[in-house]
Amino acid sequence: MSADSEMERKIVDFLRQNGKSTVLIIFKEFGINRSTANRHLYTLERSKQVFRTNENPPVWDLMEKKKNEIKHTIKPEKKSVTRETRETRETRDSCEEKHVTDLLKSGGLKACHIAKSLGLPTKNTKKQLYIMEEKGKIQKCSKTSIWTLNDEESNESYSQESSCSSDHRLGSSNSGLSQSFNVITELGKGGFGCVYKVKHKFDGKIYAVKKVVLTGKADSEVKALARVDHPNIVRYITCWSDSETCTSNQVSNTSGSSSDVVTFDRSGCEENDDDDDDDDDDDDDDVSDEVTSGMESLRVTEDSRTYLFIQMEFCEGGTLTTWINDRNFREIKRTTMDIHQIFYEIICGVEYIHSNNLIHRDLKPDNILFGSDGQVKIGDFGLVVHQTTDSGDPIERSNKGTPPYMSPEQKNGTNYDEKTDIFPLGLVWFEMLWKISTGRERAKLWPDLRNQRLPEGFCDSHPTENIFIKEMLSSTPEDRPRAKDIKEKLEMFFSLNQNLLSQKTI
């Protein structure tokens, strides 16, 4: 029996023993989230095992109980049945609108994600979405296919139940967030800390907030984010610190490296396994001025530690990882022009980073995001470093990064400069152009790709890109082009410019 079937059987047994229940009671009973509980309930409803009442919120019960009740009632006339069916359908549609509205209060979603959360076919969900659009309740971005609430709907405050659920889930370990934000969900978690999707209590907007232990590395990341301002880089809003008691279930690693938004495990990829030591004399941490003695006084003590909260724009369009997976596994069509336009924006962002004497050091699809309008946003500045010292001298580097995407010189821990960011961009561009269907295929292909051996057929399909990518994957940094050179070639060979980019879709 599959895990889904087992959970649905447990829900049926629970309703049989305990009677009518709301989704809130059910998901708390089994320790699953609301979306998962709703998906199982809608599946059971379609198989005619359960039904929902017209109450708000809906109450779920077993269909067998309803059938027993019907047996003891007088069968209504055919005309009454028709009227009842119409009324029931209207009530059901109203309930589905409520569920869609609740989902979109947490931010924009694509139709397929809404359908999955509701446990409904995508076709039926799309029909419901277009009906709601006609009523002026929601709107769809033509570029990203993301559905969002209209201003009037999105400005409504969260229900008491939703707020209580968030507070219960996060407990008292996020006092630095609770005063100004409602926490919607946890986007990512690791040794670095956590990233949350939040809604500001006063301006009503959605943001991403990263919570890390306050160290020299975290301080450097904030300073790097604060100094960059470019359309293709995740926008920094502000930051603040907050002291909390350190308990066993809180973050115990003092690394300041992370991702700005949720990241996904990729088939055939290793995770970043570098130990992000907290050495104050590490030159890689010297992105700006050395951490002051005042900052030192805020660091971790024996019984408590200070956290840094970094508020950034929330990228509703998801990651490039999702974009690639949609093409590989869901057969979503991508035109070559779309791919080149997106890659051009990535290069524009990287060129700007390099022009500010910085190296990103962790460029990969997980750290390349899309805004609600489809615009590329480069995120995760946890490993950013200066190219040279203030006096212009080279800086000795470490081998921090994500191994599958690290350049050879970065992987070996030798000295490197901005050209180390070009190597992973060659891998990313290839991934965007070439379909990789399985993890086994990826594992077999990746070592060859890192050694400039592109698969058979790639040159025939993409002759110009083949030349550029091979140059970017050169084992010798001096043989790789600069970001500025790649940008100029894209403009020359593919007629790309900023005006064209404003018309693209993802």
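At what angle do helix 2 (residues 23-30) and helix 3 (residues 34-46) pack, and how far apart are their axes? This is a predicted model, in which local features need pLDDT of at least 70 and side-chain atom pairs count only at pLDDT 80 or more, while totals for chains, interfaces and linings use all residues. Residues are numbered from 1 along each chain as its sequence is written, and side-chain values use heavy atoms, with hydrogens and water left out.

**First stop: helices 2 and 3**

Select residues 23-30 and 34-46. The two helices pack at an angle of about 110°, and their axes are 9 Å apart. Helix 2 is therefore roughly perpendicular to helix 3 (65 to 115 degrees). Axes are lines fitted to C-alpha atoms, for helices over the stretch in contact, with angles from 0 to 180 degrees between N-to-C directions. Helices are DSSP runs (H or I, at least four residues), as are strands (E, at least two), numbered from the N terminus.

Now show the side chains. Helix 2 contributes Val23, Leu24, Ile26 and Phe27 to the contact, and helix 3 contributes Arg34, Ala37, Asn38 and Leu41 (heavy atoms within 4.5 Å).

**Second stop: aromatic pairs**

Rings of Phe, Tyr and Trp (its six-membered ring) pair if their centres lie within 6.5 Å; planes under 30 degrees apart count as stacked, over 60 as edge-to-face and the rest as tilted. The count by this rule is twelve aromatic pairs.

Select Tyr130 and Trp147, an edge-to-face pair with 5.3 Å between centres and 80° between planes. Tyr130 belongs to helix 7 (residues 122-134) and Trp147 to strand 5 (residues 146-149), so the pair links distant parts of the chain, 17 residues apart. Tyr130 is partly exposed, at 38% relative accessibility, whereas Trp147 is buried, at 2%. Buried means under 20% relative accessible area, exposed over 50%, and partly exposed in between (1.4 Å probe, protein chains only).

Phe181 is buried at 5%; Trp240 is partly exposed at 22%.

Then select Phe343, Trp429, Phe468 and Phe493, a cluster linked by ring pairs.

**Last stop: charges over rings**

Select Lys211 and Tyr307: Lys211 lies over the ring face, 4.4 Å from the ring centre. Arg442 lies over the face of Trp446, at 4.2 Å from the ring centre. The criterion is NZ of Lys or CZ of Arg within 6 Å of the ring centre and within 35 degrees of the ring normal.

Key:
Angles under 35 degrees count as roughly parallel, over 145 as roughly antiparallel, 65 to 115 as roughly perpendicular and the rest as oblique.
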